[in-house]
Structure formats: C-alpha cells, structure tokens
Amino acid sequence: MKLFPIRGGIHPDYRKEQTSEKAIVVMPMPAALYIPLQQHIGAPADVLVAEGDLVKKGQMIARNQGTVSASQHAPTSGRIRTVTEVTAPHPSGLPQTTIILEPDGKDEWADLPEPIADPFSADTHTINDRVAQSGIVGMGGAAFPSAIKLNLGEQKKLEILLLNGAECEPYLTCDDRVMREYPDEIIDGARIMAHALGTPRVVIGIEQNKPQAIEIMTKAASAFPEIKVVAVPVQYPMGSERHLVQAITGRETPARKLTADLGIVVHNVSTTRAVHHAIRFGRPLIARVVTVSGGAIREPNNVLTPIGARVADLVEFCGGFSARPESVVNGGPMMGQPLPSLEVPVVKGTSGILALTAEEINDRPTSACIRCGSCVTVCPCGLSPVDMAAFVRKDNLEGAAKLGVMDCFSCGSCSWVCPSHIPLVHYFNYAKGVLNDLERESRKNERIKTLAEVRVIRIEKATEAKRAALAARKPASDATPPSNSGEAKAATEEKANA
Amino acid sequence: MLIAIGSLTIMGIVLGGLLGVAARFLAVEENPLEEELKELLPGSQCGQCGYVGCSQYAAALAKGEAPITLCPPGGKVVIEALAKKLGVTADLSEHEEKGPEHAFIVEDLCIGCTRCIRECSTDAIMGANKLMHTIIVDACHGCSKCVPVCPTDAIVMVPVRVTLRNWHWPKPEIEQTHSEPKVGHAH
Amino acid sequence: MSIATISKSGPFAHGFNSVQKTMFTVLLALVPATAFNLYLFGWPAILLFTVTVGACVAVEAGCLMLADRPVRATLADYSAVLTGWLLAMSLPPWAPWWVGVLAAVFAIALAKHAFGGIGQNVFNPAMVGRTVLLVSFPVAMTAWVMPHPLFSSGAPGLAEAIAITFGGHMPDTVSAASALGYIKTELSRGIPVTQSMAQVPDLMDMARGYRAGSLGETSAILILAGGLFLMAKRVISWHIPLSVMGGLFLIAAIFHAVDSAHFASGTFHLVSGATFLGAFFIATDYVTSPVSKKGQIIFGLGCGALIWLIRNFAGYPEGVAFAVLLMNGLAPIIDQYTRPRAFGRNSKGEPLQLEKP
C-alpha cells in the first residue's frame, strides 16, 4: 500500500525492548481500589453507590450523565469503603471525587448484560448503547468516550475505520503486546465497530518497529478482505490521529475539523478489544494493560491492571524502584503527564507508568535560543515554536495565538530537539491554558451581559404593567407620576423574580 | 552641496504636502467610541468602577477621564480589550488581578429576606421570601453588590475554585545558565 | 515515596543535542582548512590567529562580567571561540595584531553583546568585525601575501613573524593581490577579464589554496570538505550553502555568457574569494539566518546575488561579508513571510476547505 509522508517529527530513543518481549501478566487485586468518577473527557459520572454497599465485579457504580461522559464499574466484588475526594492522576495534584472499593477477594461477577448474539445484524443503537453502558473510552490516552465516536456514522458518511496501533511513544508496549496476544479479539471488535459505523473498510496502522505485531495481525486479518494491516514508518508522532490519517490516506484534516469529516474514524487497538468484550460477553471496561517501565523500575513489565489500582501498588508489583526516579509519568515520555504522587489510581487512559531517571530524561538547564530552527523543522503541525515561545515569554499571547499556538497538540518534538533545552511545550501548555481561560471568561461576560439586559427589560415591563394597573384603578390621579417609592419598586421586582 | 540641500528641501515639501492631503482625504470617520466601549464592558451596571453604570464609565473612558483598570468583574480580558480599543498600553502592574471571585451565601446565616436578590443585576441568586437563598455560580460575575445589603452578613466573596477542568500549567520558571539580562530589554 | 515537585510539563525525553555540541562540531569542521592554511601562511598567520581568538574570548568574558552574567558557563558554549576563529579566517594572514584585537572588539562587544548576547544579534559578529576593519583600515585589511609555507625557503621564522605581527614590519616584497582584486584593478585599467584571467593562478590551484587571500579564502577544497562534514552531521542543511553558491554561479554564468570581456565565469566566482567559507560557515550562522527552509533558500539566493553584484559593481573586490550582512538585516522579515504552512491550514492560516470526497 502506498503511504504518504508526514511533516517533521523526530526519532527518539525508543527503549521499548525493556518490555516488548514481556508477556502480559495479571496484577493481583490490591487492598483497595480508587475509582475516580471522571476518567475521561467530559462530565464526571453520577455516583450510584454509598458507603457500605456491597458490589459485584462488573456492576455499574457510577452512571454517565450528560452528552459526553462515561460510566464506571466495579473492577472486582467487594465493599464500598467510602466516596470521597482523592488526589487525581493529574499534574495539578488536585483532588477529585473517587469511589474507594475494598475487594472481598471473591471476584464474583455481577449479572452482566446478555452478549449480543449476532452483532452484525444488530443495529447501530444496540451496539452503541452497549459500548456506552460498558464505560468504554479511548485507551490510547485521550480517554474520549468511545460510544460518541461510534455514533459518527449516523451523522456522516464514513469510509474507513482506522485502528491506531502505531504506539509511537517511546517505552510503551501495551498495544504491541495486546496485538500480539489477542489479535482475534481486536479483529472481531474492529469488525463490530466497522459495522456500527457503516465503514466498508478497516485499516490497522502499526509502526514498522513492531514486526511481530504486524505479522500476527496480518495473519488474523487475512480471513477478512475488508481489513488491511499497514506498516507505517517509525516516526514520532505517527500515532497522532491526524498524522496517521495523513500517512495512510494522504489526506490532511482541516484545522478545527475532525478526521470523521474526511470519512475516517480512528480508534485505538486496545479500545477495539474492550468493545469486543462488551459486545460478546457483556463485560464492561474494568481493567487495562499498562506498560510499567523506565530506568528506575526494577522489573519493567506489561501488567493487566484493575482500574483504580494505585500506582504505588503497581510499582510494588513490578519490584519497586531500583533508583530514585526523577519523574513518574502517566503515559509515554513525550506526551504523558507527570504524576504528583504515587498515591493516585490507574485510570482507563493510563497506557503506561514510567519511572524515569534523570539520565533518561536528559533535561538540562535552559540556555539562550540560537535560532537554529530545529523546532520549525521537526514541528509536525507546521508551526514556528521559536517565534511562538518568544511571544509567550513576553506574555503576548495574542501574538502566539496568531502564530497558531492553539493548533499545537503538545507532541513535544520541539522540546525534544531543542539544543538550548528551552521548555517550549511548557510555554505552549501555559499559553493554551490562559487562552482557554480568557475564552471562557469572555463567554461568561457575554452571558452576564445578556442576563443583565434581560433583567432590565423585565423590570421595565413590570414597572410599566404596574403603572398601567395604577392608572386603571385611579383614573383621577392620571396626571401624577406613578409611585416610585422603594417599597413599590421592590414589590415589582419581587413579583418579577418570583 | 546646494543641490543636496535643494533636493532634500523639495522632497520634504512634496512628501509633507502628500501626507497632508492624505490625512484629509483618507481620514477615517471618527468611531462612535462610547458605544463601542460600552459594548466591551460587562453591562451589569454594578457600579464598582465608581460610575453609576457601564454607560457612564464608557463615556468617561471615551473622554479619557477614567483609567481602563476600574472594572473588577471584567478582569484582565476587559482591560486588554479596552486598551486595544483605545490604543493605550494596559498598565497591569498597578492592577492586581484578584482572580475571579463569586459570591457565596453562608446558608446557616441566611434569613431569606430577598434583599440580595433585588440587588443582583444578573439574576444569579435563587430563593424566595423566608426561604434560603443560593448563588448560581455560573451567572455570578463577582460584582459583590449583594455583600453589603445582607442584614446578617451571610454573603461572602470566595475565589472561583481551581478544578481539574480549569487548571492549567503555570508559566515555566527557567533555570538559566545565561542569556536573559537581569535588567532592561534586549530589544 | 514522594516524587520531586512538578515544575515542568513534558516531554520527559530529550535529544542529546546542545549549543555547545553544535558549536564544537563547527569548530571541528574548520580544523583541516585552518591547519592547512596556517601551514601555508606560516608563523605570522599562527600568531594573528591566536591573538584574534584570544581577544574574542577575552572581550566576551569582559562583556559577560559587565552584564553580570555567568562567565564560565557561557564561554563553555564555544560561541566566542567560533566567532574569533571565523574572524581570524577572514583577515589577511600577515596583518598586525591590533587588526585582530580591534576586529574582536567590534565583533563581540558591538555586534553581539550590544544586541543582547548570544542568540540576540541581528548581524553576524565575525563579519561585522571584518567589515568595520575593512572600511576603517582598508590598507591593512587588503595587504595580501602569497603563501609562504612553514619551513620553506623565504618563509619568516618565529622571530620574523613576531616582528611582522607585533612590530608592523610588513616586508614590501611579498605583497600580492587576490585574484578578485587583480581582475577588478585590471578591468578598471581597461583590460578585459579574458586577458587578465591569464595572469591569475588556474582554478585548480586556487581551489587547493595556492593563492593570495585570507585564511578562509584560500583552500576552497578543505572548506568544502568541512561544509560537507557539517551537512553529514546535520548541523547545517543544504538549503543555505546550495542557494548561495547556486545563486552566485547562475547569475555569474549568465553574465559571463553575455559579456565575457567584463564578467568572469561562474566557476571562477565559486572558487575565488570567500565563497565557500561564506556559503558553508558564515551565511549558515543560525542566529542571523532565517529559520524556515523556504526562508533559507531566499536568504541564500539573496546572498549569492549580492556577492556577485558587489564583486562586479561596488568598490570592493570581495563582497561575501557585505552580502551576508545585508541579508542578515533582511532575515527577520524573510522569516516573517516564509513561515511554514500549518497542518490543516492554507498558507494564509485559514482552515483548509473540506475536499469533496
């Protein structure tokens, strides 16, 4: 298959060999699970359980609410200790509402929804409802509720379901292992999703540095002519949705549009497997494969981890630290988020837990920019990081926005390549945060203005009505102005407010 | 020498004349500035700027009588918008960004007198006579007009909470080996 | 176990590139040409080279101290050494010591630190140093000599060299004109290029370095080798060198074809003067050249055209330094107009239209 080039990118040290040959192992159930109500993009789920409740494995313990949300399920049977605020697996270290579950060791399944016997004759709704009910979110890291993405087929004509098995982040091997160990589950899930989306073709994109996965997946897909496995070049950030679409189809997703607008829906391979479980067995998403790696981990491994297990327990399972980690990262080293502590849970979007030493990170003090232009050369989005950072440094965020800072998806290529070790991505994260704040604030100001105007109009109307009523009652006192005392006015307003 | 002086003089006269003509014929109609400024203000007539309402503040701004940093509910966004419109540089050093705030009713103290409801210009307070009141945070823009009218001091201003949804990375602090001069600017 | 407080967002992986490494690679690329030329021009050249590099480092240290910035850490990035090195390579090899020192002061203090130090300068420091000297002391700056290889007969010994460099005793007999200067002079006397070309060394000799000129001008082949080394190391890309040389060659070749009596050939322009040094080492200076590839090509073509213009029509026989400086001034504007197209947007920055499937 003909591939298309993508702009820029880097070739970091992949270091996948630490875990790529380690078969997936199951982590024993820890003493407690911490299940946040929000592990996804969108609104937090509505809690369904209370302290002391006994729950079974797979039972829904928090229900999705609003349009973009995802449910949470008990990863094992046990007792709800409490529902409280717990530090989130997020760099801010802020707390979020979390259900704490004490496993009872029996691991008893709840009554699961019936498997959908023949998904290929089921309609889109049945499949999507099941996916939504199972709390499935994108497992590549962004954690966007999958059911919403599966609904796209109803709004748009879709051509390709693209499975993202690029796994371009260094260290991470969880998708690689899942593809090598469960190819048929992925293929089945993909066929079900393609059916729900109405896409005639399925393409599975895998980076060439995973030859076994490519071979195994190709073999598994050989029975289905509509499924094609494509080996894509090793080039970070190939796993970026838009770039993978460009590499495979040659088409460039316009800014502010979705790949679905081009007729292509992208899902991660592990997500596909979760869909298979939900449809064929009625099992919700309650565990995921996490790559635990990095120079500070004693026994790096690919671990099937129950959702809600604390990072500390997971690290303990992998032999603990062999050296003091400089950073513990949730996800890959390029786009992952640093963790504020080890007392935070593994969530549905956690693809890796990396304990990295200072040598591995190789960050050094920042020196002056020498305008070498490397960042411009490597930027896969065609931006000019050097100029954007100069604007952000002087707090000219408007200037940075004009140069496209909001188009940056923080892939980190510029920071990686910078010979002066300027924290370019950090500058852009800051700028994007402030610009989003300003946007929110100006939207709020707009709303406030409308509210104030509505109120003024309402009060005027009420006063008018009162005046009319007064005039009707006392036609004699026509000439005198209507009562303007505070009491009367307040009464009017009270009526208006009622 | 004479030629040089002469030609420069002629060039000066011609170019100066051109500029004068251009200023007359290409002049931009004066904008109804006051209206435009009013558009930029929150419009809730809270009066925290010291003027009666947003229109009056806009008028004062248009005349250049008022500084652009008087609108607390508008915050930095409004200051920057005003600065841009008026073509002045916003001196944010004087302006202490308090960070957004909203009103909060201590429910134990509220006696349900509805005075605050009458004061609120954005209908951000819910409640009725003899019933406890509460603030709709999304509609409250932190003008704090309701605080003084409360007979039981049940209303306090609290900062808008930083949550996982609105948290963002702070500006990076750079440990530098060299480059940045400690004083003055490079350009 | 607690983790260090989070002060930086990702990425948590970094390449092994650094400013120091980049500058050091450039220095490495200059070594063969420099060593060979120092051998060709003997002790006086070695003395001047040492004085110039030393002066640049000293001035840099002084400026850093004045600006209250870390001295040792900044000197370790080798940028001052590189400036001094390039500067020395652009001076007449037998020039007196004060030429090197004065040029160093202008290069480092005026062109670099007055603008805010490394990364902030608009103009290439070494070329500023050279041109200020050239304009102010044209005689000292155009006193070329033919090569006198070390230990060859007639080459000055160390004592003589000290007299030349520090005593200002330039032996009259050895002075020579550079090829470009010679042709220009002859042309002004009405002798066509076709005739005067017969008097200059043949092109191969010029390329090897057996001719009068500055350290960086003579052995074009070794400079070229250094440039290719830099490209192989990915310190520089092909865009600037190729467009400088291509621009110069093209315009020279066209005019040579039209009027060979007045205009020397493209090949002559390429191997003479500081073309290679300029194309590979001067115009490619990161700080003072555009960052985008498209901008670099425009920048390079501009340099090439200006070099030819200055060589043919201006008062100076060699124009690389002036051409690069002029284009340096344009680099920020070129950068502004040659930003790459953002993903999913057209060149104006508007979102792409959805193509009809």
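**Figure 1. Contact between the two domains of chain A.** In this predicted model, 5 residues of domain 1 of chain A are in contact with 5 residues of domain 2 of chain A; two residues are in contact if their C-beta atoms, placed from the backbone, lie within 7 Å. On the domain 1 side, the residues that touch domain 2 of chain A comprise 3 nonpolar, 2 polar and no charged residues. Ala, Val, Leu, Ile, Met, Phe, Trp, Tyr, Cys and Pro count as nonpolar, Asp, Glu, Lys and Arg as charged, and the others, Gly among them, as polar. Domain 1 of chain A covers 16-288 and domain 2 covers 368-498, with bounds from an automatic or database domain assignment. The C-alpha centres of these two domains of chain A are 35 Å apart. Residues are numbered from 1 along each chain as its sequence is written, while chains are lettered from A and ligands numbered from 1 in the order in which they are written. Because the model is predicted, local features need pLDDT of at least 70 and side-chain atom pairs count only at pLDDT 80 or more, whereas totals for chains, interfaces and linings use all residues.

Figure 2. Chain A has 16 helices and 17 strands; helices (H or I, at least four residues) and strands (E, at least two) are DSSP runs, numbered from the N terminus. The C-alpha trace of chain A spans about 100 × 65 × 50 Å along its principal axes. Of its 498 residues, 56% count as buried, that is, with 20 or more other C-beta atoms within 10 Å of their own; 12 or fewer makes a residue exposed, and partly exposed lies in between. A:Ile116 sits in the loop between strand S8 (95-103) and helix H1 (124-133) of chain A. With 19 other C-beta atoms within 10 Å, A:Ile116 is partly exposed. Beyond its neighbours within four places in sequence, A:Ile116 is in contact with A:Ala122, A:Thr126, A:Arg130 and A:Ile279. A C-alpha separation of 8.2 Å is found between A:Ile116 and A:Ile127, 11 residues apart along the chain.

Figure 3. Chain B holds 6 helices and 4 strands, in the order α-α-α-α-β-α-β-β-α-β from the N terminus. Buried residues account for 26% of the 187 residues in chain B. The contact involves 32 residues from chain B and 34 residues from chain A. On the chain B side, helix H4 (75-86) and helix H5 (115-119) are the elements that give two or more residues. This side of chain B has 12 nonpolar, 16 polar and 4 charged residues.

**Figure 4. Contact between chain C and chain A.** Here 39 residues from chain C meet 59 residues from chain A. The chain C side is made up of 20 nonpolar, 14 polar and 5 charged residues.

**Figure 5. Packing of helices H3 and H4 in chain C.** Helix H3 (residues 79-90) and helix H4 (residues 97-112) of chain C pack at an angle of about 130°, with their axes 10 Å apart. This angle makes H3(C) oblique to H4(C), as angles under 35 degrees count as roughly parallel, over 145 as roughly antiparallel, 65 to 115 as roughly perpendicular and the rest as oblique. Axes are lines fitted to C-alpha atoms, for helices over the stretch in contact, and angles run from 0 to 180 degrees between N-to-C directions. H3(C) contributes C:Ala80, C:Thr83, C:Gly84, C:Leu87 and C:Ala88 to the contact, and H4(C) contributes C:Gly100, C:Ala103, C:Ala104, C:Ala107 and C:Ile108. By class, the contact of H3(C) with H4(C) has 7 nonpolar, 3 polar and no charged residues.
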